[in-house]
Amino acid sequence: MNIVIIASVVFVLQSILSLMQIRYYQRYMYNITQQYSNSKNYHLYSSIERKKLGSSAIVVMVIDENKMVKECQLLKGKSIFAKFKPLTRFYGCHLSQILTNLKEESETRKLSLEERAIIKMGTNQLPI
């Protein structure tokens with residue numbers, strides 16, 4: 001009987017924390033779209049990459065009409081306390097150059113979750 005109560009409490013708590021994380025993501029996406037809503041020729045893209053067990057990474061990029069990265073943000077972690085952080089190394093870079101560099105690097109080292117998410121986003125969603 002006690003195990004059922006504990007499992008139920010854990011399930012409810014996990015559900016509440018998941019909803020909090022979803023609301024954070026929705027607010028972030030709303031704020032970034034509002035930030036660029038008056039600007040023309042900017043596109044917002046996102047991608048998620050997951051480990052089989054454990055954490056995941058969500059990458060959000062704002063790209064201009066010349067395929068230059070205006071903004072790149074990363075949400076990575078396992079807890080509800082994970083927040084979007086800028087990946088400034090990609091700011092001002094051309095998307096095709098980022099993808100080329102990451103694909104070349106993947107031949108010599110294992111790419112991070114965020115790097116794999118960028119490749120996934122670039123190759124699956126964006127016309128280069």
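Tutor: A residue is termed buried when its relative accessible area is under 20%. The model considered here is a predicted one.

Student: Which residues of helix α2 are buried?

Tutor: Helix α2 spans residues 95–105. Viewed down the axis of α2, its buried residues fall within an arc of 95 degrees, so they line one face of the helix. An α-helix has 3.6 residues a turn, so residues three or four places apart point the same way. The buried residues of α2 are L95, I98, L99 and L102.

Student: How far apart are the closest N and O atoms of E49 and K120?

Tutor: E49 belongs to strand β1 and K120 to helix α3, so their pairing ties together parts 71 residues apart in sequence. E49 is buried at 17% relative accessible area, whereas K120 is partly exposed at 36%. The two form a salt bridge, with their closest N and O atoms at 3.9 Å.

Student: Is E114, which meets K76 in a salt bridge, buried or exposed?

Tutor: The N to O distance of this salt bridge is 3.1 Å. The pair connects helix α3, which holds E114, with strand β3, which holds K76, across 38 residues. K76 is partly exposed at 39% relative accessibility. Because buried means under 20%, E114, at 15%, counts as buried.

Student: Which residues do salt bridges with shared partners join into one network?

Tutor: R109 forms a salt bridge with E105, the closest N and O atoms lying 2.4 Å apart. R109 is partly exposed at 33%, and E105 is partly exposed at 30%. Through shared partners, the network comprises R89, E105, R109 and E115.

Key:
Residues are numbered from 1 along each chain as its sequence is written. This is a predicted model: local features need pLDDT of at least 70, side-chain atom pairs count only at pLDDT 80 or more; totals for chains, interfaces and linings use all residues. Side-chain values use heavy atoms; hydrogens and water are left out. Buried means under 20% relative accessible area, exposed over 50%, partly exposed in between (1.4 Å probe, protein chains only). Helices (H or I, at least four residues) and strands (E, at least two) are DSSP runs, numbered from the N terminus. The arc is that of the directions from the helix axis to the C-beta atoms. A salt bridge is a side-chain nitrogen of Lys or Arg within 4 Å of a carboxyl oxygen of Asp or Glu.
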